[in-house]
Each structure stands twice: as structure tokens, then as C-alpha cells.
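Please keep the sequence and the 3D view at hand while reading.

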Amino acid sequence: MEQQQTNSSGGVAEADEKLEKIQSAIQQFKMIKGALIPVLHEIQDIYGYLPESVLKVVSTELNLPMSEIYGVASFYHFFSLTPKGEHVIHVCMGTACYIKGAQTVLDRLSTELNVAVQGTTEDNKFTLEATRCLGACGLAPVMTIGEKVHGRLAPNNVPKILNEYK
Amino acid sequence: MVCGGTGCTSSDSNRIIDALNQELTNQGIQEQVEVVRTGCFGLCELGPVVIVYPEGIFYSRVEVKDIPDLVEQHLLNGKPYEKKVYEKTKLDGKILNFEETDFYKKQVRIALRNCGIIDPENINEYIASDGYKALGKVLLTMSRQQVIDTMKKSGLRGRGGGGFNTGLKWEFAAKQDKEQKYVICNADEGDPGAFMDRSILEGNPHSVIEAMAIAGFAIGSNQGFIYVRAEYPIAVQRFVKALDQAREYGLLGDNVLGTGFSFNIDVRLGAGAFVCGEETALMHSIEGHRGMPTPKPPFPAVQGLWGQPTIINNVETLANVAQIMLNGADWYASIGTEKSKGTKVFALGGKVVNTGLVEVPMGITLREVIFEIGGGIPGGKKFKAVQTGGPSGGCLTEEHLDCTIDFDTLTSLGSMMGSGGMIIMDEDTCMVDIARFYLDFTRDESCGKCTPCRIGTKRLLEMLDLITEGKATMEDLEKLENLSLQIKNASLCALGQTAPNPVLSTIKFFRDEYMAHIHDQKCPAGVCKSLISYQIDADLCKGCSLCARKCPSNAISGKVKEPFVIDTLACIKCGVCFDVCKFKAVAIV
Ligand SMILES: Cc1cc2nc3c(=O)[nH]c(=O)nc-3n(C[C@H](O)[C@H](O)[C@H](O)COP(=O)(O)O)c2cc1C
Ligand code: SF4
Ligand code: SF4
Ligand code: FES
Ligand code: FES
């Protein structure tokens, strides 16, 4: 569901378009009880993270204090308050993957990209994240880069896979 | 049939489908052969999986370049395309139907009945395999009480972890005299290493919709919610599509099948918090708040979503309902054991040959599942332990292999059924490290509301860290056990109450491994970084210099064609040398 947005883009027209989408989503969800989380999903879907300026719009529209919005947003791992790199790498750290060496894959990615886990590379190309079970345990160890799933990994597959995205 | 489950889709099954369609058109037989994208078939390890009916020939790891030959040999000339026929279906020169393999023979598929068999995106295929017949039967011929009685009599217990009798739960909610009631399907599937709920939603979404409507009728509710993980995009998309189809066919919405019964289902996405799988937390999350548990009672059946009576059922639980309504309570109760009726789906993972999804009758032994269905441990390694029940469960050992699998046996052994992750471990797995792994998970996922869970799991993790670093004393081990017991007693929700289970069960069954870490500062399985070091065996080293070139910290030196050496002080234990050495000269000591 998570979409990758390039950070470089962001002309005024595009920004307006995004905001319009959010506005209409808010109007649509306003009717239902418990609208906040679906709206946050929509924002994350469109922006790749939850920008403060957009959360302010949500605050006014849904009539919720910012503190409550932040409280909810920070509680859930899926939501991010900071922008991500162009490619987000999720390494599954579920049990099946862990047993089959996901930690060594994660370590290798961290070494190759020279970035800490949950961090973004200096050139904003990659964000490296450890995540919960991706539900593809049959292919363990598994990682996703954007929407693409890479399975049956070994640490020395890492450089080659990264090259595809460089 | 081409598998379109998550496993196979990620190994490119969509391209196989395109290639197949193209080739069929090229050969002019697109009318005679139908290509169907199904849900997960169970043996994801072998993906992409293609099965050709009516013969039931099972092809594994199919690639796009195989397609022309497969079409020509099998579909045009009627001879199986040997190259990709799954090894295990070949016997004495004959090719077996996949249902005769060890992997399938002992399975009884009820919840997974249609997974991998029908096209999940086509409601007509579901209807053709008796879909929505149960809903029709219930609405037209049964009373609410009859539905509940059937459920109670079938003995079905919740598959989401608790194992509470489903019919009883429905009855509690049905008895509440309130205008508005809710039915929730719990599809959060937070248990790491389990993917049965995902596979059911992807492979047979209508079975869940049908069951939710039946539950709605039984308790007197007109509104359902499904809470599904945002991390499961294919499942969400197929479920939404199935909802639209069901509405279009008048099987959902106002006045279902003209009976005056109305039922709607809304989808809510989870946002990656394990604790939201807990029912009270889940309801808070649907209400738009932080997903924190609240004490029970009041139980959701009395006071749930927005204060109204609510039943929450797991996906797999629901996937059994329509079959029970169709075939009767006695049929269902005849499968399984005295107190655990029916079947259970397990996600076999870890160090086992056939990783994948299996559905077995309760009462089967661990040995049958791991060695017969699972095909045993790969690479000639020795079985060490099996972990069931996820972060709330525990590890069982060799001596438990002949125990039967049911709710009560597993609990009495110090593990639990949980949602059905079954992770197999071999001699290369360090049990202290596994305990640390689970604690790291629960500490991270603790919602923080109650102190024993928030602080306690943190302390446990610190002690486990000390042990894996070889810095712990016997006193620490004692503290670890005591604190574990305290957290179990004092926590608010089942997350904290069960979090210490992996610690306690590994201490109980693998005490010697803890001792080795504490007394000898050794990790027998060679996993714990602080306790191992990398060395090059001079006899095996051919002096190719590959490791020295790949080592990120320049810790390896030597002359080409002579044995290389690792400077243990400079080494950061990244293991790259171990991976790259083609001569197995790098050893972990
Ligand atoms: C921390 C925690 C996480 C849970 N996660 C799930 C889950 O992911 N899926 C699920 O169906 N039940 C989960 N449960 C169990 C639910 O609270 C609840 O018992 C279950 O959904 C009831 O459905 P059932 O009776 O059909 O099993 C969890 C419980 C706890 C304490
Ligand atoms: S890769 Fe192996 S053989 Fe080559 S130098 Fe390193 S240890 Fe020796
Ligand atoms: S483990 Fe890593 S740092 Fe240590 S010697 Fe091998 S390659 Fe170098
Ligand atoms: S444990 Fe990694 S995908 Fe499930
Ligand atoms: S995803 Fe294809 S067999 Fe499981």
C-alpha cells in the first residue's frame, strides 16, 4: 500500500493536486466514526509520510487537537512523521526469516549502504527498515524494496540486488 | 492453475500467467485451456507453482522460458513436461497427482478448502463450489438459536489464539438486548511467522464474508468490520473486490436474498501495531484511537465497539463456519480430538524442507507434521526444537515430537497453539538468541500502558543481552526466571502475560545452553556475536584473497597463494568472509 514518492518532485501544481486528494478523502471519511486512522493512511499513501502541514489540515477538518493526531500517528509503526528515501527497503524480521538468517542480510545491507537500520542514506536513495512478518514466510528470508518482494536471500545477494536500484 | 498468492507473486507468477496466455493464443488453443490465478497453494517454497488439471500435475519453480515447452508437451501432446514436475510427485517412473504426495496425504482442508483451487476474484467460482449456500440455508431455514446451537455443538474454538468456543461467544452477544451490535473479523495477523489469515483472504475471501453475514444473523447485527493489516495489500484488494461482488449479487447489503436481513461490511486498515490484534485494542483502533487494551470484563460480547455488543472472530475461525452450516455440527465434531474439534492451519517455517501452509486434523503429532508433511530438516542437520504460538508460545523439543497437537496438550507442555505459526529449528539455532529475539519483539510491541509489561520486558531483554554477550552470572539467570513469573502475573493484557513464555520454555528445556553462555562464555550454536570469532583454517585456505578484498574492516591479511589470517581485534564479525570463501576455510569458533 505504501507508495514511493520521489522527494525531488513537488511543483506547486502537484502539491495542490495532492492536497485536493486529501481534502476529498477527509470529506469522504468525515461521515464515519473513527475517521482519523483511515485519513492518515490516505496521507501516507499519497505523500509517503505524514507532513506536519497536512496534519494541520486534518486537525481543523476533523476537529481534533494536534496532540491527539500525533499521539495516534506515533503509536502505529506503519506511520512515519519523517520523509523516506526514494527506495524503502523493508527487511522482514519475523521469526521464520530470522531463523533463516535475516539478521545477517540486514547487517549486510547496513554495511553496503553505510546507513543504520531505520535510517536513510545521505543521498536520499534508500531507507533501510526492519519490519514485522511480511506474510511471505515460505520464501524466508524476505525483503521488499518498494513493492517488489525479494525472497530466499543470502547476504551475498545483497550487492547485486542493490545495483538494480542504483 | 497458476498460484497468485503472495509467495508466488513475488517470484513472478504474474509473468508466468501472461506468458501462458500468450503461448495458448499462439498455439490457437486459448478456448480449450483456461488459465486461473488462484490463492496460495501451500507449498510456497516451490513457487511459482503451476498445477494442470484434470491430471493434477504439479509443476514447481516454473520460469517464463519453460512455458512454450510446457504448453507443447503437456497441453498439446498430453505428456507431462518432466523438467519442472515436482520431484516428490515422481515415483518409480510414474507421475502422481499432487494429492498423493506426503505433503498433502495427511492434510484435511476445510478452512483452506478452496485456496489454490478457485479463482478468488470470481464470485461465480466460489458459488459453484457451494459458496453462499450456507448463508442461504441459514437465512431461509434456520432460526438464530439454531445457528448458535449448531456452532456450539460443532465444538469450533477460536483460531486467533485464545481458543474460546465460538458458538458460546456468539450466544453471549445474541442474548444482549441492544439495538446495535457488531461483528468484527480480526485479520491483523500480528504473529510473526504466520500467514494463514493472509492466505485465506487472498485465496478465498468470500468464505470470510459469508461467515460474517451468518454471524451477523446469529447475533442480530447488521454491521461488520474487517480489521486487516495494511502490510497485506493483495489481501486487502481481493477482499474489497469480493465485497463489491457480494453486494452486486445481493448477498450483502440491505435485504439479503429478499429475506429482510441486512448486513454490511466495512474495511479498516491496521497500521502495524502487534497489540492491535488483541480484541479490546483492536476496537479502540477502529474507533480511531491508539490501540491500547482495556481490562476485561466487560467482554466485547457485552460492551464492545462504541459500547455495543460485539463479537470478534479470527479469519481462520470464520473460514470454517459455512462448512459447518452445510455439513452439520456432527460432521465437524467428528474431526479432531475430544476437546479440540476440527482442523488447524499451520504456517510451517524455519529449518524445514517444505515451508508452507498446511491444514491438519487436531490430534496429529508434531512428528507427523514436521517430518512427514514438512519433509524433515534440510541439509542433513539435526532437529532441535519447534516453536509454536509465536511470541506468546514456547519451544518444544525432540522428546515432545510424539505429542498430539491440540489446544490443551500444547498448553500443558508450556507452549500454546496461538494462531498457528510453527517454526522449526535445527542445531544451528541458538535458543538463548531465540528467546532474545522474541523479547525484543514484545518489548518493541508493548503498548506501554502497564508497567510490568513496559518495564519488565525491557529488563528481561537486558538480561538476555548480558547472557548472549557472555557477561551474565547465575544470579542473573535466577532473576530472569523470577521476573518472568512476575510479569506473567501482573500484566494487563495477554501480550504481557505471555511475553515471558519463550524465555521460560527455553530455560526449561535448554538450560545447558544458557549454562554454556554463562559459565563457558560459549555459544554452542555459533550464533551470538560476542561469543564467537572468525578464523581461517590454514589447511583449507587456498590463498585466493577473496575474503581480504571483501572484508569491510581490512581485518584480513596475507599473501596470495598462502593462507590468510584474520586479525580478531579489527574484525567486526560481519561474516562476509564466511559467506564468500569458496573453500569453506573460514570457521566460526
Ligand atoms: C497481543 C495479542 C495479539 C493478538 N493478535 C491477534 C491477531 O493478530 N489475530 C487474531 O485473530 N487474534 C489475535 N489475538 C487474539 C484476539 O484478542 C481474540 O482473542 C481473537 O481475535 C478472537 O477470535 P477467535 O475467537 O476467532 O480466535 C491477539 C491477542 C493478543 C493478546
Ligand atoms: S577466500 Fe578462503 S581461500 Fe580465499 S583467501 Fe579467504 S579464506 Fe583463503
Ligand atoms: S567477519 Fe567481517 S570483519 Fe571479520 S574478518 Fe570476516 S569479513 Fe572481515
Ligand atoms: S517471517 Fe518473514 S515473511 Fe514471515
Ligand atoms: S504463494 Fe504460491 S503456493 Fe503459497
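Across the interface of chain B and chain A, the rule finds one salt bridge, in a model that is predicted. A:Asp107 and B:Lys529 form a salt bridge, and their closest N and O atoms are 3.4 Å apart. Between chain B and chain A there are also 18 residue pairs in polar contact, counted with both residues at pLDDT 80 or more.

Several elements of chain B each supply at least two residues of the side that touches chain A, namely helix H1 (6–10), strand S9 (264–269), helix H12 (279–286), strand S15 (421–426), helix H17 (431–445) and helix H24 (576–580). The largest share of this side of chain B comes from H17(B), which gives seven residues. By class, the side of chain B that touches chain A is made up of 29 nonpolar, 15 polar and 16 charged residues.

Taken as a whole, the interface brings 60 residues of chain B into contact with 40 residues of chain A. The two chains, B and A, bury about 4,100 Å² between them, with 59% of that area on carbon and sulfur atoms. Of the area that chain B buries against chain A, 14% is supplied by B:Ala271, B:Arg290 and B:Phe437, more than by any other three residues.

The surroundings of two ligands can be set side by side by residue class.

| Shell | Nonpolar | Polar | Charged |
|---|---|---|---|
| Ligand 2 | nine residues | two residues | one residue |
| Ligand 3 | 10 residues | two residues | one residue |

The residues that surround ligand 2 include the cysteines B:Cys541, B:Cys544, B:Cys547 and B:Cys581, and among the others are B:Ile536, B:Lys542, B:Phe564 and B:Phe583. Around ligand 3 there are 13 residues, of which B:Cys551, B:Cys571, B:Cys574, B:Gly575 and B:Cys577 come nearest.

Is B:Pro205 buried or exposed? B:Pro205 has a relative accessible area of 1%, and because the cut-off for buried is under 20%, B:Pro205 counts as buried. This proline lies in helix H10 of chain B, which spans residues 205–219. Leaving aside neighbours within four places in sequence, B:Pro205 is in contact with B:Pro120, B:Ile200, B:Arg238, B:Phe239 and B:Ala242. B:Leu43 stands 162 residues from B:Pro205 along the chain, and the C-alpha atoms of these two residues are separated by 20 Å.

Conventions:
Residues are numbered from 1 along each chain as its sequence is written. Chains are lettered from A and ligands numbered from 1 in the order in which they are written. This is a predicted model: local features need pLDDT of at least 70, side-chain atom pairs count only at pLDDT 80 or more; totals for chains, interfaces and linings use all residues. Side-chain values use heavy atoms; hydrogens and water are left out. A residue is near a molecule or strand if one of its heavy atoms lies within 4 Å of it. Ala, Val, Leu, Ile, Met, Phe, Trp, Tyr, Cys and Pro count as nonpolar, Asp, Glu, Lys and Arg as charged, and the others, Gly among them, as polar. Contact means heavy atoms within 4.5 Å. Buried area is the accessible area (1.4 Å probe) that two parts lose on being put together, summed over both. A salt bridge is a side-chain nitrogen of Lys or Arg within 4 Å of a carboxyl oxygen of Asp or Glu. A polar contact is a pair of N or O atoms within 3.5 Å; within protein, one must be able to donate a hydrogen and the other to accept it, and residues adjacent in sequence count only if both atoms are side-chain atoms. Helices (H or I, at least four residues) and strands (E, at least two) are DSSP runs, numbered from the N terminus. Buried means under 20% relative accessible area, exposed over 50%, partly exposed in between (1.4 Å probe, protein chains only).
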